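Hello,

Here is the structure I promised to pass on. Have a look at it first, and then read my notes below.

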Amino acid sequence: MGDLVQFTKSGNVGVITINNPPVNALSPGVPEGISDAIDQLQKDDGLKAAVLIGGGSTFIAGADIKELEKMAAGKPRGAGLLPLLLKIEDCRKPVVAAIHGTALGGGMETAMACHYRVAVRSAKVGQPEVKLGIIPGAAGTQRLPRLAGVAKAVEMCSEGNPVAAEGALRLGLIDKLINGDLLAGAIAFAQELAAKPIPKTRERHDKLGTPEQNAPVFAAARENARKKQRGLLAPLAAIDAVEAATKMPFGEGCQVEQTLFVECLTSPQAKALMHVFFAEREVAKIPDIPKDTPLIPVKTAGVVGAGTMGGGISMVLANAGIPVLVKEADQAALDRGTSNIQKNYANSVKRGRFTQQFVDERLKLIQPTLSLDGFADVDLVIEAVFEGMALKKEVFAQLDKVCKPGAILASNTSTLDIDEIASATHRPQFVVGTHFFSPANVMRLLEIVRGKATSKEVIATSMQLAKKLGKVGVLVGNCRGFVGNRMFHPYVRESVFLLEEGASVQEVDSVLYDFGMAMGPLAVGDLAGLDVGWRIRKEYRHLEKRGIRQPFAGDRLCEMGRFGQKTGRGWYKYDENRRAIPDPEVTALVRKWAAEAKIPQRQITREEILDRCLYALVNEGARILEEGYALRPGDIDIIYINGYGFPAHRGGPMWYADTVGLKNVYHRILEFHKQHGELWEPAPLLKQLAAQGKTFADYSMEKRATA
Ligand code: T1G
Ligand code: NAD
């Protein structure tokens with residue numbers, strides 16, 4: 001049976017324990033081990049039933065995604081789990097799945113092939129495969145509707161979200177909740193089964209509904225998937241597979257599921273989403289910061305500035321249960337900030353995200369103030385005042401005087417030099433950048449900016465804090481714009497150049513939207529405020545090299561007072577519901593300005609729009625990597641997916657470049673270089689990888705091997 005699965009006895013009940021840390025994935029050896037245990041159970045006359053349980057902190061988290069990656073890349077697929085699950089289901093003695101932690105994917109499928117399921121209250125069950133770009137591949141789409149009903153099975157398989165134990169009990173997915181020790185409870189449950197039937201899930205039909213009942217369920221699910229999971233193949237495939245369960249016998253339904261499973265698994269989307277799964281976990285690993293680096297306890301916090309970002313950050317801290325003092329410059333600003341926080345929470349209650357009670361508790365944790373007095377005791381301060389070096393330094397000098405030794409002093413700056421900010425204190429090792437994205441209480445990304453003196457403890461604590469706040473923290477270096485905004489700059493630059501060369505606002509935005517971006521670059525500009533970039537460009541104009549083309553159309557709009565959504569006009573016009581309406585005036589203005597600037601006008605293809613915008617990201621990303629401001633290409637991908645609306649099923653900009661082929665990307669950039677000059681100078685790393693026939697993924701692997 002190997003070391004991965006143990007078979008022991010407790011009286012007349014066999015206990016099958018899976019021990020494949022950390023999450024008991026069904027790696028090679030685990031299915032074989034379970035199969036051997038079932039043989040022993042059948043053979044042993046002293047045993048009446050068995051319990052299948054996970055060792056450690058969880059039941060089974062599903063198939064081993066590393067193995068799935070290999071299959072996606074062409075490794076021949078074995079028989080899969082299906083025969084094992086039939087064997088469990090056909091066992092003549094009842095098998096009880098005992099669930100704690102999570103039963104996900106293949107774990108859920110294994111539990112459903114058992115005759116009964118018990119769980120602790122904190123357990124969760126689900127079919128999350130769609131999040132990896134695939135569908136359940138071991139009859140999950142066939143057994144789930146038989147246990148939970150068609151509507152719920154469609155929802156679980158196409159959306160991928162887990163269900164908590166209590167909900168699972170109501171659905172009939174779980175037969176009993178166990179209070180106290182799970183194994184003891186499961187054994188007691190198994191002992192009572194002697195006189196009971198041994199139900200086989202695959203033989204049940206009572207919840208499969210009629211065609212009349214099911215048709216509208218499938219239609220609604222498909223419409224929902226097309227809208228909310230735009231461009232994704234797997235959710236629609238999952239719905240097709242569940243539909244097959246309602247239309248044909250179990251065995252045939254399994255064949256339909258297999259065909260769809262293989263189609264999804266070998267699609268570029270699955271490869272990209274599996275890359276994203278592992279990249280999201282790898283960002284937490286920082287080569288020079290060991291796992292056992294001591295952490296600084298963060299029990300209380302302070303925020304300076306209650307504007308757009310400070311307010312959102314205060315909510316994020318309070319939502320995680322951390323009491324927070326919020327300091328403003330004057331009473332009017334403090335009242336405005338507090339009322340915005342209250343409004344945001346009220347909206348969350350209205351939309352059903354939070355309960356009133358949760359919100360009341362959070363509001364009690366947020367304490368507005370006009371002085372820094374209370375800041376002497378806090379463990380962490382996040383500064384979110386206006387973007388200006390002099391003001392930031394003044395605030396940090398004050399914090400340095402007031403805050404206790406050992407407190408972390410963080411800045412939410414999006415462009416300024418963290419080292420210069422830190423120089424205003426006597427404790428630069430405690431200064432770090434925590435770059436939240438707007439709206440801070442919604443966006444998942446947190447760039448953690450490492451200054452040259454930032455201590456390992458402060459970085460390790462910031463990374464852990466990100467997790468506690470429900471964010472994905474990515475460590476970045478201290479360069480202008482850090483990683484995300486530094487790349488965003490050439491992306492937006494190209495989108496405006498394209499307008500100035502003859503494309504329309506809608507053409508540019510629709511190409512990127514159709515690619516899968518949450519919004520087009522120009523619509524993002526309107527949302528964030530065109531004046532933000534305009535002000536920054538004015539401030540840094542003296543740094544621009546002379547004779548190099550700069551985009552100007554956005555600045556001209558700002559000069560006319562068109563700042564975007566906040567003024568009702570920007571690249572688009574906005575109605576009272578903030579719906580974007582194309583504005584012919586903008587088209588005419590841009591044409592006129594382009595003529596004045598003598599920019600030749602031409603028909604621009606959708607392909608060029610896509611390549612110009614995306615390769616601008618890739619080229620800058622390659623420079624950032626080479627200069628060491630991002631640790632890995634995957635880190636950049638995670639930043640773009642979680643902070644900039646890049647479609648996860650394209651894997652992020654660096655992964656996307658790999659799928660196009662770096663040679664192709666490089667040659668296209670050379671063309672742009674020839675046409676548009678210096679701004680398109682290819683990044684040396686890109687040139688090198690293209691010449692070697694390598695990918696960013698290869699580069700990452702080589703770096704990992706030498707780390
Ligand atoms: N395979 C391989 N490694 C896995 C894994 C898996 N299924 N799940 C987790 N890991 C690794 C992960 O990379 C990390 O490694 C460590 O475990 C801890 O994970 C046939 C086709 C279970 C809720 O999609 O959702 O079944 O970084 O940091 O926050 O139909 O992991 O330490 O080296 O995320 O406590 C379906 C995926 C597979 C579940 C735990 N299953 N996992 O969260 O820890 S497809 C999933 C999770 C399938 C069948 C099909 C979460 C978790 P390292 P972690 P966590
Ligand atoms: P904002 O103008 O909405 O808020 C700034 C607040 O700081 C104002 O309410 C102001 O009264 C207050 N303030 C100024 N001086 C203060 C002082 N000495 N003490 C206490 N409060 C003071 O600005 P914002 O958009 O929230 O930006 C704040 C920071 O976050 C900036 O550094 C900005 O670059 C960064 N940032 C902004 C965004 C964004 O999208 N808005 C995104 C990421 C980062």
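Which element gives the most to the shell around ligand 2? That is α16, with three residues. This is a predicted model, in which local features need pLDDT of at least 70 and side-chain atom pairs count only at pLDDT 80 or more, while totals for chains, interfaces and linings use all residues. Residues are numbered from 1 along each chain as its sequence is written, chains are lettered from A and ligands numbered from 1 in the order in which they are written, and side-chain values use heavy atoms, leaving out hydrogens and water.

Around ligand 2 there are 22 residues, of which M309, E328, E387, K392 and S414 come nearest (near means that a heavy atom lies within 4 Å). At least two residues of the shell come from each of α13 (308-319), α16 (389-402) and β15 (431-436) (helices are DSSP runs of H or I with at least four residues, strands runs of E with at least two, numbered from the N terminus).

Polar side-chain atoms also face the ligand: one of S414 lies 2.8 Å from an oxygen atom of ligand 2, one of N412 lies 2.9 Å from an oxygen atom, and one of K327 lies 3.2 Å from a nitrogen atom. Taken alone, ligand 2 exposes 830 Å², and the protein buries 79% of that (Shrake-Rupley method, 1.4 Å probe).

Elsewhere, helix α19 (residues 484-501) packs against helix α21 (residues 521-528) at an angle of about 110 degrees, with the axes 9 Å apart (axes are lines fitted to C-alpha atoms over the stretch in contact, and angles run from 0 to 180 degrees between N-to-C directions). The two helices, α19 and α21, are therefore roughly perpendicular to each other (65 to 115 degrees).

Best wishes

Terms used. A polar contact is a pair of N or O atoms within 3.5 Å; within protein, one must be able to donate a hydrogen and the other to accept it, and residues adjacent in sequence count only if both atoms are side-chain atoms. Angles under 35 degrees count as roughly parallel, over 145 as roughly antiparallel, 65 to 115 as roughly perpendicular and the rest as oblique.
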